[in-house]
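Let's walk through this structure together, starting with its aromatic rings and then stepping back to the whole chain. Keep the 3D view open as you read.

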Amino acid sequence: MAQDFFHRSDTFLAFRLLDFRRLLASKFLLTLGLQIQFVVLSWQVYEITKDPLSLGLLGLAEAIPAVGLALYGGYVADRNDRRMLLVRIGFLQCCVTVGLFFLSRHYAQGGFNGTAIPLYAVMFALGLLRGFYSQAQVSLVGQIVPREAYANSAAWNSTFWHIAVVVGSSVGGLMLGFLGKQFSYGVVIVLMLLSFLQVVRVPRQPLAPAMRGETIGASIRSGLRFVFGNQMIFGAMVLDLVAVLFGGATAMLPV
């Protein structure tokens, strides 16, 4: 039974459970850090521009590369070591956050003449990484978790993600108000590093079987046919898309 996955003492399942917990902890820490970072970054952009439209453009700067690369990211995840992809993405996310920390220091010293363009560039870079992260992370979980326990693991994954989103947003606002931007970005760096270390601890997994000689176009078309041909999956994705589009009003909170 799927619900027994977290209670089995079998050696193989014990290792699978440990690997899943590491991935779960990594995603939780990463989501927590990104939410704190987004709260502080949004406030900083609005503080500079005093324009509500700038907050919408900030979200767009991340969404364009993330959505644009989503299909290609899935293709890459199907044909490469997913664990190594997550390691590289995690390292680059740490680098981007460190860069943001120093950008914030430069802003505090009166640099960049009041323009928010460097902050938009940071969000664009995070969007590029996001375009590969989700596909690699979900696919790696699918390799680690036994098929019969996948629904249960997905429930845990979703629960911890929602907790991280709510807690991260709240903590981000409190740290911004009482401790300032520099301290908040410093905490994000620590969370990113901890998330990165959790992924590093996951053992290498065998490469997933891929269709030999299949071009990227053929692979993407095959995936789209599967989605549009499965009413349950298609309906769930449309529902999620609508919720994300209309739920984005929270980006206006700094106003």
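Searching the whole structure turns up 6 aromatic pairs. Here, rings of Phe, Tyr and Trp (its six-membered ring) pair if their centres lie within 6.5 Å, and the planes decide the label: under 30 degrees apart is stacked, over 60 is edge-to-face and the rest are tilted. One of these pairs is formed by Tyr 72 and Phe 132, whose rings sit edge-to-face with 5.9 Å from centre to centre and 80° between the planes. This pair links distant parts of the chain, since Tyr 72 belongs to helix 3 (residues 70-78) and Phe 132 to helix 5 (residues 117-144), 60 residues apart. The helices named here are DSSP runs of H or I with at least four residues, strands are runs of E with at least two, and both are numbered from the N terminus.

Before going further, a word on what you are looking at. This is a predicted model, in which local features need pLDDT of at least 70 and side-chain atom pairs count only at pLDDT 80 or more, while totals for chains, interfaces and linings use all residues. Residues are numbered from 1 along each chain as its sequence is written, and side-chain values use heavy atoms, with hydrogens and water left out.

Now look at Trp 156 and Phe 160. Their ring centres are 6.0 Å apart and their planes meet at 25°, so this pair is stacked. Both residues lie in helix 6 (residues 150-200), 4 residues apart, which is about one turn of the helix. Trp 156 is partly exposed at 38% relative accessibility, and Phe 160 is partly exposed at 29%. Find Phe 28 as well: ring pairs link Phe 28, Trp 156 and Phe 160 into a cluster.

Helix 6 also holds Ala 151, which is exposed, with a relative accessible area of 59%.

Gln 93 has 6% relative accessibility and counts as buried. Which residues does Gln 93 touch? Leaving aside residues up to four places away in sequence, Gln 93 touches Leu 30, Leu 129 and Met 192, where a contact means heavy atoms within 4.5 Å.

Finally, step back to the whole chain. There are 8 helices and 0 strands. The radius of gyration is 19 Å, close to the 18 Å that the globule rule gives for 255 residues, so the chain is as compact as a globular protein of that length. That radius is taken over C-alpha atoms, and the rule is 2.2 Å times the number of residues to the power 0.38. Buried residues make up 41% of the 255 residues. Among contacts with a separation of 6 or more, 84% come from residues 24 or more positions apart.

Technical notes:
Buried means under 20% relative accessible area, exposed over 50%, partly exposed in between (1.4 Å probe, protein chains only).
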